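Me: I'd like to learn how to read this one feature by feature. Can you walk me through it?

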Number of protein chains: 2
Amino acid sequence: MSGAIASSRCLEKCAWESSAVFRRQLYLVRSLGGGSRYRTRMDMAQCSGSSTLEADAEGVIRKITPVMEPTRYKGQAGKIAVIGGCREYTGAPYFAAISALKIGADLSHVFCTKDAATVIKSYSPELIVHPLLEESYSVRDDEKASVSAKILTEVAKWMERFDCLVVGPGLGRDPFLLDCVSDIMRHARKSNVPTIIDGDGLFLVTNNLDLVKENSLAVLTPNINEYKRLIEKVLNCEVNEQDAAGQLQLLAKGIGGVTILRKGKTDLICDGETVTRVSTFGSPRRCGGQGDILSGSVAVFSSWARQYILSNKQPTEKSLNPMVLGCIAGSTLLRRAAALAFENKKRATLTTDIIEFLGKSLESICPAT
Amino acid sequence: MSGAIASSRCLEKCAWESSAVFRRQLYLVRSLGGGSRYRTRMDMAQCSGSSTLEADAEGVIRKITPVMEPTRYKGQAGKIAVIGGCREYTGAPYFAAISALKIGADLSHVFCTKDAATVIKSYSPELIVHPLLEESYSVRDDEKASVSAKILTEVAKWMERFDCLVVGPGLGRDPFLLDCVSDIMRHARKSNVPTIIDGDGLFLVTNNLDLVKENSLAVLTPNINEYKRLIEKVLNCEVNEQDAAGQLQLLAKGIGGVTILRKGKTDLICDGETVTRVSTFGSPRRCGGQGDILSGSVAVFSSWARQYILSNKQPTEKSLNPMVLGCIAGSTLLRRAAALAFENKKRATLTTDIIEFLGKSLESICPAT
């Protein structure tokens with residue numbers, strides 16, 4: 001980043017931090033739920049004065065998780081769809097989709113390639129798996145336009161039923177497939193369907209920022225490398241660990257109102273306004289697949305947060321960002337489940353083991369009855 | 001072996017055993033870790049004066065197994081790839097790849113044929129399975145050169161990400177497939193990626209010794225029959241149980257610096273220098289698949305040993321052979337897991353049962369926290 005731009009961005013950030021909007025957000029997150037039920041704590045980032053809030057994550061989870069009532073019917077607790085799964089990857093979309101169910105969603109769909117579908121179906125009879133996507137190797141050049149249109153038509157038929165999409169787990173990087181997924185993302189946006197973007201979805205979005213720009217219903221969940229690429233693309237500079245919170249704010253504002261969950265030892269969450277931290281210790285195990293659990297979890301929790309906010313008449317609650325709440329809840333639940341699985345399986349802990357603890361972890365925070 | 005050659009090899013061996021190099025290795029392995037934490041014992045082989053060391057295997061495992069720290073990120077605990085799995089065999093590559101994860105690797109890939117891929121994927125969502133290899137029946141003669149080149153290009157894209165390859169579990173003996181795997185092995189060698197060779201990989205290597213000759217990052221893990229063929233090919237004689245250690249040294253030197261783990265009631269490990277024994281009792285159950293666990297385990301442990309040695313500044317540690325340490329650790333862990341599984345399941349013990357005890361076995365030697 002050139003000095004002038006950096007300086008201008010810094011001024012912008014400082015001005016923003018002292019703004020009325022920032023103070024209001026700070027108040028909202030700190031006072032979420034109010035009273036002794038919720039504890040919040042404000043810490044200063046390592047330097048540069050960027051402020052982060054340690055989320056009152058358990059309070060958030062208790063607030064947004066719907067009460068289980070006998071009168072509710074199938075679908076009300078969430079209908080999630082994962083767009084991912086190709087010739088190479090089948091585990092990732094399965095992890096995301098099954099995690100959504102294990103947290104409490106009623107229906108979980110996967111849209112993937114034909115090759116992947118048979119395998120994903122075989123992992124679990126609980127999922128609804130649509131073998132609709134195609135990769136370049138299976139489509140002739142002269143067929144591409146018609147195949148692409150047909151895929152969009154087929155997925156679009158389902159779109160309005162979904163409370164949230166997860167785009168990216170095990171998506172792969174086939175150019176034709178990514179073009180089709182871009183169409184699906186545009187359609188989801190038109191239909192106001194919130195979208196969580198992870199894995200190869202982030203590869204797609206980093207190279208096509210318009211897909212998420214100014215979409216307040218989009219969440220990006222980058223890991224260390226994916227975050228690096230986003231920073232380079234949007235802010236044209238290196239990752240600055242000394243002002244991690246400030247830089248994340250700039251990134252979220254740069255993309256324009258999306259929510260970003262920056263994964264790391266501490267997860268940082270920002271929609272361009274407050275930066276929230278989740279630093280509860282999870283587990284030191286770093287087996288592949290934990291990011292997929294997170295994306296499925298954020299999808300469910302942000303859907304629940306949206307329902308909560310829509311049905312709430314309090315102005316303070318009305319102004320909350322459901323995507324931020326979903327990230328806080330998802331990050332916390334994964335960490336708790338990972339901690340329990342690790343306690344049990346130690347170095348042998350795999351993603352499947354962590355998924356098995358999602359239910360118990362949620363129950364410990366927010367009992368079903 | 002002709003008398004003259006045998007005599008010359010014997011002289012060479014005796015000279016070597018009294019050499020400074022031998023004495024240094026002996027010192028290094030015996031003093032590994034030093035102090036009361038490590039116990040080593042030196043025994044004489046049954047006759048002929050060839051010396052073997054009973055490895056202080058638990059000491060080795062504690063030394064090389066990385067500490068679990070919250071700051072570590074995905075991939076740092078190991079990224080393993082298994083090359084194997086064809087129309088006939090799917091269990092073996094799965095056993096090797098899942099064992100790597102259960103010991104603590106972060107990512108485990110399998111490169112196999114299309115037929116095998118669907119099945120291996122369906123065994124576990126934790127593995128990343130690439131349906132890239134081809135057998136003769138699926139490739140026309142005039143396509144072979146281009147298909148072969150394409151396979152190498154695809155695998156090569158991934159190569160630098162891997163800490164270790166395992167070549168052979170369930171590979172089969174299709175000539176076209178073996179040619180492609182030879183190319184992959186040459187590429188791995190150029191890229192300095194350590195390679196553990198088992199099963200049909202040993203069939204390939206025994207007939208093409210140049211694939212491993214002088215490669216100090218190669219490990220061969222022959223069972224009784226595979227060892228017999230290697231001895232016949234390299235030393236042109238019968239297996240000599242009376243001087244098992246001496247003959248193993250000659251074999252390892254004959255191939256030139258590879259590490260050999262000779263599987264048996266007692267496992268013997270040699271890189272042409274010291275011969276180390278692992279004789280902890282495992283289980284009397286000989287169900288197929290245990291060799292696959294071993295190859296996956298050796299892959300992880302030798303990667304960890306390499307990291308340990310690279311990051312260590314002590315000259316004594318710097319000179320250790322990570323492949324030998326990986327063999328000692330892998331052999332010991334398998335034996336302990338097999339013992340626990342057998343205690344539990346007796347005659348019904350299967351490979352899957354043993355894999356389930358890998359984590360507990362490692363925990364008993366080297367607790368994660």
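Reply: Let's begin with strand pairing: two strands pair if DSSP finds at least two bridges between them. Keep in mind that this is a predicted model. In strand β11(A), V278(A) is the bridge partner of D267(A).

Me: Which strand pairs with β11(A) in the antiparallel sense, and over how many bridges?

Reply: That's strand β10 of chain A, residues 267-270, and the antiparallel pairing runs over four bridges. Together β10(A) and β11(A) make a hairpin, with four residues between the two strands. In the turn, G272(A) has a positive phi of about 100°.

Me: And what does strand β2 of chain A do with β11(A)?

Reply: Strand β2 (residues 51-54) of chain A runs parallel to β11(A), joined to it by three bridges. To find your place in that pairing, look for T52(A), which stands opposite V275(A).

Me: Which residues of β11(A) are buried on each side?

Reply: For burial, the cut-off is 20 or more other C-beta atoms within 10 Å. On one side of β11(A) you have V275(A) and R277(A), on the other T276(A) and V278(A), and all of these are buried. Both faces of the strand are covered, then.

Me: How much of chain A is buried overall?

Reply: Of its 369 residues, 53% count as buried. Chain A has 15 helices and 11 strands. For contacts in chain A with a separation of 6 or more, 71% come from residues 24 or more positions apart.

Me: Let's do a helix. How far does α7 of chain A reach from its first C-alpha to its last?

Reply: Helix α7(A), residues 175-190, has 16 residues and reaches 23 Å, close to the 22 Å expected at 1.5 Å a residue.

Me: Which residues of α7(A) are buried?

Reply: They are L177(A), C180(A), V181(A), I184(A), M185(A) and A188(A). These residues cover an arc of only 145° around the axis, which puts them on the same side of α7(A). On the other side, P175(A) and K190(A) are exposed.

Me: What do the buried residues of α7(A) pack against?

Reply: Quite a list, all in chain A: the strands β3 (79-83), β5 (128-133), β6 (164-167) and β7 (195-197), plus the helices α6 (144-159) and α8 (200-206). Just after α7(A), check N192(A), which takes a positive phi of about 60°.

Me: How should I read a positive phi?

Reply: Most residues other than glycine have a negative phi. Now try chain B. E214(B) is not a glycine, yet its phi is near 65°. The loop between α8 (200-207) and β8 (218-220) of chain B holds E214(B), and E214(B) is exposed, with 11 other C-beta atoms within 10 Å.

Me: Where is N236(B), and is it buried or exposed?

Reply: Look in the loop between α9 (224-234) and α10 (244-255) of chain B. N236(B) is exposed, with 12 other C-beta atoms within 10 Å. Its phi is positive, about 55°, although N236(B) is not a glycine.

Me: Now the two chains. What relates chain B to chain A?

Reply: Two copies of a chain are related by a rotation about an axis and a shift along it. Here a rotation of 88° with 0.0 Å of shift superposes chain B on chain A, with an RMSD of 0.1 Å. That is the relation of a four-fold axis. In chain B, the C-alpha nearest the axis belongs to S122(B), 4.8 Å from it.

Me: Why do the copies meet through different surfaces?

Reply: Compare the two sets: only 7% of the interface residues of chain B are also interface residues in chain A, so different surfaces meet.

Terms used:
Residues numbered from 1 in each chain as written. Chains lettered and ligands numbered in written order. Predicted model: local features only at pLDDT ≥ 70, side-chain atom pairs only at ≥ 80, totals over all residues. Least-squares fit on C-alpha atoms with pLDDT ≥ 70 in both. Expected span 1.5 Å × (residues − 1). Arc of directions from axis to C-beta.
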